[in-house]
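Subject: A structure for you to explore

Hi there,

I am passing on a structure for you to look at. Please open it first, and then read my notes alongside it.

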Amino acid sequence: DFYHINKNIYVGGTMLEQYKNIQPIAFKILTNSLNKNKYAHAYIFEDNSSNDAIPLALTFIKELLTQSLSDEEKDNIISMIDSGNHPEVKRITSESLWIKKDQIKDLQEEFNKKPIIGNKKIYIIEEAEKLNKSSSNTILKFLEEPEEGIIAILITKNIYQLLETVKSRCQLIKLTDSTE
C-alpha cells in the first residue's frame, strides 16, 4: 500500500499528503480537522467520478486512529485497517440493490460496545445511496444522537438519493473529478 511503500514522504507530513493535489478541497478540510483535533461525527464523501472516496476515507481513518502513536503502533493499526481486521473500523456494503435495515441494526449493536483499541469507532457506508427508506431512518437515529468517539463516513456517487435529514447531519466533502 502507498503508506508502506512511500513511508519516508510522511516524515513531518501526513498520509493525506498524497491527496493534496488531486483532491485539494477534501485534503484541506480533513487536514484541518486532524490538526485542530475537531471532527464531525459524520461525513458524506460525494464522489461522482474520481473513485478517490474509499481510499481517501481509509487514509483519513488511518490518520485519525494513529495520531500521537509510535511508528510501530502506527504500522500495526494501519496493517489492521488495510487487512480489514481493525475491530473499531466497520465497512457496510450492499450485496444487493439495497443496504438493509438489519445491516444498520447490526452495526448499531456492535457500536454499543466500548472500543477495544483506542477511543474511536468508525463506520463507512459504501454506496450510501443504496440506503432504502427503512435503513435510512435507522441510520438517522444513529446520526441524530451521536455518541462520543463514533464517526460515520457515508460514501455516495449520488447525494440526491440520500434523505435530506441524513445529509443535514453530515459534513459534506465533495470530491472533484481527478481527470479534469
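Before we start, one term: two residues are in contact when they have heavy atoms within 4.5 Å. With that in mind, take the contacts in the protein chain with a separation of 6 or more: 75% of them are between residues 24 or more positions apart. Please keep in mind that this is a predicted model.

**The overall picture**

The protein chain has seven helices and five strands. Read from the N terminus, its elements follow the order α-α-β-α-α-β-α-β-α-β-α-β. Along the principal axes, the C-alpha atoms fill a box of roughly 45 × 40 × 30 Å.

How does the radius of gyration of the protein chain agree with that of a compact globule? For 180 residues, such a globule would have a value near 16 Å, and the chain has 16 Å, so the two agree. Of the 180 residues, 44% count as buried. The accessible surface comes to about 9,800 Å², and carbon and sulfur atoms account for 50% of that.

**The inside**

Which residues have the most contacts inside the largest nonpolar core? They are Tyr-43, Phe-45, Ile-61 and Ile-153, in a core of 28 residues. At least two residues of this core come from each of helix H2 (24-36), S1, H3, helix H4 (71-82), strand S3 (121-125) and strand S4 (150-156). H3 gives the largest share, with eight residues.

Leaving out residues up to four places away in sequence, Ile-153 touches Tyr-43, Phe-45, Ala-57, Phe-60, Ile-61, Ile-122, Tyr-123, Ile-124 and Ile-125. There is also another core, apart from the largest one, with 22 residues that include Ile-99, Ile-125, Ala-152 and Cys-170.

**Aromatic rings**

A pair of aromatic rings is described by the distance of the centres and the angle of the planes. Searching the whole structure turns up five aromatic pairs. One of them joins Tyr-43 and Phe-45, with 6.5 Å from centre to centre and 70° between the planes, which is edge-to-face. Tyr-43 has a relative accessibility of 1%, so this residue counts as buried. Phe-45 is at 0% and therefore counts as buried too.

Why is the pair of Tyr-43 and Phe-60 edge-to-face? The ring planes stand at 80°, with the centres 5.5 Å apart, and planes over 60 degrees apart count as edge-to-face. Tyr-43 belongs to strand S1 (residues 42-46) and Phe-60 to helix H3 (residues 53-66), so this pair ties together parts that are 17 residues apart in sequence. Phe-60 is buried as well, because its relative accessible area is 0% and buried means under 20%. Together, Tyr-43, Phe-45 and Phe-60 make up one aromatic cluster.

Another ring to look at is that of Phe-111: the charged end of Lys-121 sits over it, 4.9 Å from the ring centre.

**Some spots in the loops**

Where does Leu-163 lie? Leu-163 is in the loop between S4 and helix H7 (164-167). Its relative accessible area is 25%, so Leu-163 is partly exposed. Not counting residues up to four places away in sequence, Leu-163 touches Ser-136 and Asn-137. Asn-137 is 26 residues from Leu-163 along the chain, and their C-alpha atoms are separated by 8.7 Å.

Finally, a word on backbone angles. Most residues other than glycine have a negative phi. Two residues to check against that are Asn-51 and Ser-68, neither of them a glycine.

- Asn-51 has a positive phi of about 60°. This residue is in the loop between S1 and H3, and it is exposed, with a relative accessible area of 53%.
- Ser-68 has a positive phi of about 55°. This residue is in the loop between H3 and H4, and at 79% relative accessibility it counts as exposed.

Terms used. Residues numbered from 1 in each chain as written. Predicted model: local features only at pLDDT ≥ 70, side-chain atom pairs only at ≥ 80, totals over all residues. Heavy atoms only, no water. Phe/Tyr/Trp six-rings, centres within 6.5 Å; stacked < 30°, edge-to-face > 60°. Buried < 20%, exposed > 50% of the residue type's maximum accessible area, 1.4 Å probe, protein only. Helix = DSSP H or I, 4+ residues; strand = E, 2+ residues; numbered from the N terminus. Lys NZ or Arg CZ within 6 Å of the ring centre and 35° of its normal. Rg over C-alpha atoms; globule rule 2.2 N^0.38 Å. Areas by Shrake-Rupley, 256 points an atom, 1.4 Å probe, with all protein chains shown as cover. Core = buried A, V, L, I, M, F, W, Y, C linked by side-chain atoms within 4.5 Å.
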